[in-house]
Amino acid sequence: MWMMVLFDLPVVEKQDRKAATDFRNFLLDHGFSMVQFSIYIKLFSGKDACEKYYGLIKRNIPAAGKVDILTITDRQYSNIISYEGRKKSKKIQPEQLLLF
């Protein structure tokens, strides 16, 4: 499962900018990768593995702004088509998980 965290946080006031930066750093510290400035993504082994992150993210959301969490399957995510300018860009390749 892929978990996408999409957010629109205010950054006009100094304390809002700090809160937005702290939230982005929280996501990075927990293994999320930036897809776009306000879209972060992480690969999980399944829906159960995502469950603990819902509450963790909720506890770290800044007081103002909007945050959405979307989970999709690896198969659904594999259909993404990305462009940088007019050139197709490479897909994010997560680190391979080794299961015994």
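How many salt bridges does the structure hold? In this predicted model, the structure holds two salt bridges. In one of them, the side chains of Lys18 and Asp22 meet, with a distance of 2.8 Å from N to O. These residues both belong to helix 1, where Lys18 and Asp22 are four residues apart and so are separated by about one helical turn. Lys18 is exposed, since its relative accessibility of 52% lies over the 50% cut-off. Asp22, with a relative accessible area of 39%, is partly exposed. The other salt bridge joins the side chains of Lys66 and Asp68, at 2.7 Å from N to O. Both partners are partly exposed: Lys66 has a relative accessible area of 49%, and Asp68 has one of 35%. Side chains of opposite charge can pair when their charged atoms come close.

Four strands form an open sheet, arranged in the order 2-3-1-4 with antiparallel pairing. Strand 2 (33–36) and strand 4 are the edge strands, each of which pairs on one side only. From one strand to the next, the twist averages 25°. Five bridges connect strand 1 and strand 3, which pair in the antiparallel sense. Met4 stands opposite Ile41, a residue of strand 3. Helix 1 lies across strand 1, strand 3 and strand 4, and its direction is at about 170° to that of strand 1.

Helix 2 comprises residues 47–60. At 1.5 Å a residue, its 14 residues should span 20 Å, and the end C-alpha atoms are 21 Å apart, which agrees with this expectation. Cys50, Tyr53 and Ile57 are buried in helix 2. The buried residues of this helix pack against strand 1 (2–8), helix 1 (14–29), strand 3 (39–43) and strand 4 (66–72). Lys58 also lies in helix 2, but this residue is exposed because its relative accessible area is 64%, over the 50% cut-off. Along the chain, Lys58 and Asp68 are ten residues apart, and their C-alpha atoms are separated by 10.0 Å. Asp68 is the residue whose side chain meets that of Lys66 in a salt bridge.

Key
Residues are numbered from 1 along each chain as its sequence is written. This is a predicted model: local features need pLDDT of at least 70, side-chain atom pairs count only at pLDDT 80 or more; totals for chains, interfaces and linings use all residues. Side-chain values use heavy atoms; hydrogens and water are left out. Helices (H or I, at least four residues) and strands (E, at least two) are DSSP runs, numbered from the N terminus. Buried means under 20% relative accessible area, exposed over 50%, partly exposed in between (1.4 Å probe, protein chains only). The expected span of a helix is 1.5 Å times one less than its number of residues. Contact means heavy atoms within 4.5 Å. A salt bridge is a side-chain nitrogen of Lys or Arg within 4 Å of a carboxyl oxygen of Asp or Glu. Two strands pair if DSSP finds at least two bridges between them. Axes are lines fitted to C-alpha atoms, for helices over the stretch in contact, and angles run from 0 to 180 degrees between N-to-C directions.
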